[in-house]
Amino acid sequence: MTFNEFKFHKDLLKGVKIAGFREPSPIQKMVVPIIKKGEDLVGQAHTGTGKTAAFGLPLMDKIAKKEIERALVITPTRELATQVSDELYHLGRFCGIRTITVYGGVGYGRQIALINKGVQVVVATPGRLKDLYKKGKIDSFNPEIVVLDEADEMLDMGFLEEIKEIFEYIPQNRQTLLFSATMPEPIKELANEILTDPQFVSVVGDDDSTTNNTIEQSYYVIEEAQRDEAIVKLLETEKTNKCIIFCRMKREVDRLTEHLKAMGFNAEGLHGDLEQMDRDRIVKSYRRGESKIMVATDVASRGLDVKNVSHVFNFHIPFDPQSYVHRIGRTGRAGKAGKAITLVSTTEFKELQRIQKEVGADMKLETIHLDGSSNSTIDFISLEADVRAVTIDENAAEFIDSMEDMDYHEFVERVVSLLLQDEKSNSNLLGYDQNTVNMMLNEYQSEQKVARKNNRKKKRR
Ligand code: AMP
């Protein structure tokens, strides 16, 4: 199928051609005809599936053909608003569609003036948009199409009430489109409230050809103290283009960014405490490829669409499975291959298993040799010193006696080999291998069993 079959305005098709889109993605094939017909829609899709163009193209087609005058897109974060706005600008620029991005943290004046001057598409975050409506500053802005993008993220970020309030200011006779990667109960309820007889479309799962199935997922089981060393080693050994390292906390973003910079890496940190100007600058320089490593929290990078992100690293496993899906979705975009690598400490096993189970993630356990090869050279000098420093255990003589059938020279060689094996696995291998991980899991499960048994006993008493 080609984009021509959608019979879009010719200037819009020009934008699509220049953007290099050859064929509509699965969600575009499903969603465009519904939007063109004027029906309400619930679309379940992750970012990376082409959903922005899926709603953006028919929406701009209607504006270009003068079927409607105005549209509104609501996104959870400023970064996503800018990104959606950029994509709409690029696709719609030959139709002369005027788009504005509206978010908090910057002055009101220009935003109000532009909206009232008659921009056709407003892409906004909930907080600022609600403020503008509430203060009566944009009474004349009555969008005929409203898109709620990444609704589940808005729910997570606590915007649900603001969204409901915004809809009180928007005319009833509108077309409403709701997109969400997941469909928790409050989102279903919201859909019931704000949509009229919606069509349902989902590209989560097998059809989601532009996201997860192009991403190779692996994990390393490490000790907590090895995290910094592990990430540096991975950055050195993986063939990365642009990459994102996800952290759980802002403080961790700052610390790790400084650490990586000190190690000579071209890294920048992104989190919600930074000034908007700095956030814009950082995302821009990352997009352009001036910085190659973005260290970020989940919130700051929601929906971020940057081309050629080859790797996503989870410095810490995310708190919930959906964050995992969102994080790894930053790579493997538009059908390209990507790698998602997660570092888990031994105490994070349980969370890892939960994510694997809930997301159905196919993650491979990996180990890495710290010097880059398995046949590393042994530090014989320090080994000799270690051997000379050993105090002879009184059981040693007895043990040697028990091996008397073995040639003395062979015996010494075997003992030294044993020592070397230990040396190699301790100092050169980062991450536990499958056998060790299985052993740890068994240990963990038997500990859990004992704990459950003890609990039951306690309760009986
Ligand atoms: P989205 O899911 O909207 O964040 O889009 C993910 C990326 O895919 C963006 O960089 C889009 O420009 C790109 N994209 C969207 N539709 C297509 C298409 N039909 N062919 C190729 N790339 C696309």
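**Stop 1: the whole chain.** Keep in mind that you are looking at a predicted model. Select everything first. Along the principal axes, the C-alpha atoms fill a box of roughly 95 × 60 × 45 Å. Switch to a cartoon view and you can look for 18 helices and 16 strands. Of the 461 residues in the chain, 37% are buried. Now think about contacts between residues at least 6 apart in sequence: 79% of them join residues at least 24 apart.

**Stop 2: the domains.** Colour residues 3–202 as domain 1, 215–369 as domain 2 and 375–427 as domain 3. The centres of domain 1 and domain 2, taken over C-alpha atoms, are 29 Å apart. Where the two meet, 16 residues of domain 1 are in contact with 12 residues of domain 2. Which helix gives the most to the domain 1 side? Select residues 78–92: this is helix α4, which supplies four residues. That side of domain 1 has eight polar, four charged and four nonpolar residues.

**Stop 3: two packed helices.** Next, select α2 (residues 26–37) and α3 (residues 51–64). Their axes lie 9 Å apart, at an angle of about 30°. Angles under 35 degrees count as roughly parallel, so α2 is roughly parallel to α3. The crossing of α2 and α3 is right-handed. Show side chains to see who takes part: from α2, the contact includes I27, V31 and I35, and from α3 it includes F55, L57 and P58. By class, the residues of this contact are 10 nonpolar, one polar and two charged.

How values were computed. Residues are numbered from 1 along each chain as its sequence is written. This is a predicted model: local features need pLDDT of at least 70, side-chain atom pairs count only at pLDDT 80 or more; totals for chains, interfaces and linings use all residues. A residue is buried if 20 or more other C-beta atoms lie within 10 Å of its own, exposed if 12 or fewer, and partly exposed in between; C-beta atoms are placed from the backbone. Two residues are in contact if their C-beta atoms, placed from the backbone, lie within 7 Å. Axes are lines fitted to C-alpha atoms, for helices over the stretch in contact, and angles run from 0 to 180 degrees between N-to-C directions. Angles under 35 degrees count as roughly parallel, over 145 as roughly antiparallel, 65 to 115 as roughly perpendicular and the rest as oblique. A crossing is left-handed if the near helix is turned anticlockwise from the far one by less than a right angle, and right-handed if clockwise. Ala, Val, Leu, Ile, Met, Phe, Trp, Tyr, Cys and Pro count as nonpolar, Asp, Glu, Lys and Arg as charged, and the others, Gly among them, as polar. Domain bounds come from an automatic or database domain assignment.
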